[in-house]
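Have a look at it first, then read on.

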Amino acid sequence: MRETSIRARSRRWLLASRPGFIVVTVVAAALGIAQAQACGCGWDGPAAVATLLLAALAHAAINLYNDYGDAVGGSDAVNTGRLFPFSGGSRVIQDGVFTAIQMRDAARMLGIVVVGGGLALAARAGPGLLLVGLCGLLLGWAYSSPRVALMSRGLGELSVGLAWWGIVVGADYVQRHGFSTIAALSGVSIALLVTAILWAAEFPDAAADAQVGKRTLVVRWGPVPAAWGYTALVLFAHAWVALWWARQWLPSTAWWGLGSAPLSLAAAGLLLRRARQPQRLRPVMALSIAAAVLHGGLLTAAFLAIAHLR
């Protein structure tokens, strides 16, 4: 019975961490690892595994802390329009599974594990990783912290984009033992598409967010202008890859990343038509996640193909 109870509790914590979204983080880290292989900068298998694991744990910690921040801010409690599991948080606090303090403490414990692992990885890869990791953790904390609450100030979208760009740059750094222009360029498009996931999720949450003073871009701009903003974001993400591929800064296979464009365009088209009908936006959020994962996966394959030719 005790073993069953432990399994059930572990499963509840896993669900609270929202693992479906963590896939995007793993893909972004894999992209950073792959591009270091494409340049022939060496291969550190244990460091690559540690990078993927620490990135996933960091995202889990941020998700738990985000639920805590939304519980303290009150947005999840009044959110009756959420589209589970895409928006409105995990609801484990509101459903009485865990308390807000338990979520905060769990996030802190995971954060300690991530910091410890990051310090060990930095000792192996180089001190520059400390800068990337520190910036990522600060952005994750500031996004949800009741004291700073970037998500409530119209800066949440920017902070998410910067954080996922940093994942690509950091994962590349671990293998390369230095910063690279290629990582800085290739990380932009997936960071923008991850931002688009958050942007889409803000539509069904907008009424509750506005009620508690959480001023996301969708709340600030309104549904129709925000839908056009989403469209511009996903178009720019793919145009970015096309531009640097055409200028031969990205490898010859990088055009594979444009394979996610149909998913993004389909999401944008639906969002433009249904912007004022948030309960009909579930396909938009699913397509947004699929586009980010596919884009990162295709770019990863593109870099690995170059590495294979070496």
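Lys214 is buried, and Asp209 is buried too, where buried means under 20% relative accessible area, exposed means over 50%, and partly exposed is anything in between (1.4 Å probe, protein chains only). The two form a salt bridge, with their closest N and O atoms 3.9 Å apart; the term covers a side-chain nitrogen of Lys or Arg within 4 Å of a carboxyl oxygen of Asp or Glu. This is a predicted model, so local features need pLDDT of at least 70 and side-chain atom pairs count only at pLDDT 80 or more, while totals for chains, interfaces and linings use all residues. Residues are numbered from 1 along each chain as its sequence is written, and side-chain values use heavy atoms, with hydrogens and water left out.

**Salt bridges**

- Side chains of opposite charge can pair when their charged atoms come close.
- Searching the whole structure turns up six salt bridges.
- Asp70 joins Asp209 and Lys214 in a network of salt bridges.
- Asp67 and Arg18 pair up through their side chains at 3.1 Å, N to O. That pair links distant parts of the chain: Asp67 sits in helix 3, Arg18 in the loop between helix 1 (2–16) and helix 2, 49 residues apart. Helices here are DSSP runs (H or I, at least four residues), numbered from the N terminus, with strands (E) needing at least two.
- Asp67 and Arg18 are both buried.
- Arg176 and Asp172 make another salt bridge, at 2.8 Å from N to O. Both are in helix 6, four residues apart, or about one turn of the helix.
- Are Arg176 and Asp172 buried or partly exposed? Arg176 is partly exposed, because its relative accessible area is 21%, whereas Asp172 counts as buried, because its value is 0%.

**The cavity**

- Rolling a probe the size of a water molecule over the atoms shows where empty space is left.
- The grid has a 1 Å spacing and covers the protein atoms alone: a cavity is a set of points where a 1.4 Å probe fits but cannot get out, a pocket is an open set with protein on both sides within 12 Å along at least five of seven lines, and lining residues have an atom within 4 Å of a point.
- Points are joined across faces, edges and corners, and a volume is the space filled by probe spheres set on them.
- By this rule there is one cavity of 30 Å³ or more. Of the 34 residues lining the largest cavity, Arg18, Asn63, Asn66, Tyr143 and Leu198 are closest to its centre.
- The largest cavity has a volume of about 610 Å³.
- Helix 2, helix 3, helix 5, helix 6 and helix 7 (181–211) each put at least two residues into the lining of the largest cavity. Helix 7 gives the most, with seven residues.
- By class, the lining of the largest cavity splits into 15 nonpolar, eleven polar and eight charged residues. Ala, Val, Leu, Ile, Met, Phe, Trp, Tyr, Cys and Pro count as nonpolar, Asp, Glu, Lys and Arg as charged, and the others, Gly among them, as polar.

**The pockets**

- The largest pocket comes in at about 800 Å³. Its lining takes in 35 residues, with Leu129, Val132, Gly133, Leu134 and Gly136 nearest the centre.
- Helix 2 (19–38), helix 3 (45–73), helix 4, helix 5 and helix 6 (156–176) each supply at least two residues of the lining of the largest pocket.
- Helix 3, helix 4 and helix 5 each give at least two residues to the lining of the second largest pocket, which has eight nonpolar, two polar and one charged residues.

**Surface and one last residue**

- Val115, Leu119, Leu130 and Leu137 make a nonpolar patch on the surface, with about 310 Å² of accessible area together. Helix 4 (100–125) and helix 5 (128–144) are the elements that give two or more residues to the patch.
- Patches take residues with over 30% relative accessible area and no salt bridge, joining like charges within 9 Å and nonpolar side chains (Val, Leu, Ile, Met, Phe, Trp, Tyr) within 5 Å. Accessible areas come from the Shrake-Rupley method with a 1.4 Å probe, and for residues only the protein chains shown count as cover.
- Leu119 lies in helix 4 and is partly exposed, at 49% relative accessible area.
- Glu157 belongs to helix 6 and counts as buried, at 5% relative accessibility.
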